[in-house]
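Colleague: I'm new to this one. Could you walk me through how to read it?

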Amino acid sequence: MRDTYRIVLTNPPHQLHKEKLPLPPLGLLCLSAFVKAHGYHLVDVIDNYAENKYDIDTHIRRLTPNLLGISLTAEDGYDGLQFAHHVRQQLPDCQIVLGGQYSSACYREILQECDWVDYVV
């Protein structure tokens, strides 16, 4: 299963980040390395802060992940929830996992109100 299980890790598209100097998603890259070291080889990291939203939609649909991990910060939490909902509509069988500071602070509300989210870590 580990050889065919595709994981995509990303941050949500967020307009505020377009105006900032884009920094690499170090947390997602570290998580990707950890997951790969534990036998999951089909792991992709998509930096939505540096990409165009519509390119990301096409890219995620092309990859058809089994699991999508989205890292949410305080300033992009709402956008991230909308992005997760959009992905659920496009890929209903994909497990959606949220992490990051926003997810940690609001996990109860997210799990109660967002039925398109499978897990919060």
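Modeller: Happy to! Let's start with strand β4, residues 95–99, where 4 of the 5 residues are buried. Keep in mind that this is a predicted model.

Colleague: Which strand pairs with β4 over 5 bridges, and in which sense?

Modeller: That is β3, residues 67–71, and the two run parallel. To find the pairing by eye, look for L68, whose bridge partner in β4 is I96.

Colleague: What do β3, helix α3 and β4 make together?

Modeller: They form a right-handed β-α-β unit, with α3 covering residues 77–90.

Colleague: Which strand is joined to β4 by 2 bridges?

Modeller: That one is β5, residues 119–120, and it too is parallel to β4. Here L98 has V120 in β5 as its bridge partner.

Colleague: And how should I read the nonpolar core?

Modeller: The general idea first: in soluble globular proteins, nonpolar side chains tend to be buried together. In this model the largest nonpolar core has 20 residues, and I60, L68, I70, F83 and L98 touch the most other members. At least two residues each come from α2 (53–63), β3, α3 and β4. The largest share, 4 residues, is supplied by α3.

Colleague: Which residues does I70 touch, leaving out those up to four places away in sequence?

Modeller: I70 touches T10, N11, P12, F83, A84, I96, V97, L98 and G99, with that exclusion applied.

Conventions: Residues are numbered from 1 along each chain as its sequence is written. This is a predicted model: local features need pLDDT of at least 70, side-chain atom pairs count only at pLDDT 80 or more; totals for chains, interfaces and linings use all residues. Side-chain values use heavy atoms; hydrogens and water are left out. Buried means under 20% relative accessible area, exposed over 50%, partly exposed in between (1.4 Å probe, protein chains only). Two strands pair if DSSP finds at least two bridges between them. A crossover is right-handed if, with the strands pointing away from the viewer, the path from the first strand over the helix to the second runs clockwise. A nonpolar core is a set of buried Ala, Val, Leu, Ile, Met, Phe, Trp, Tyr and Cys residues joined through side-chain atoms within 4.5 Å. Contact means heavy atoms within 4.5 Å.
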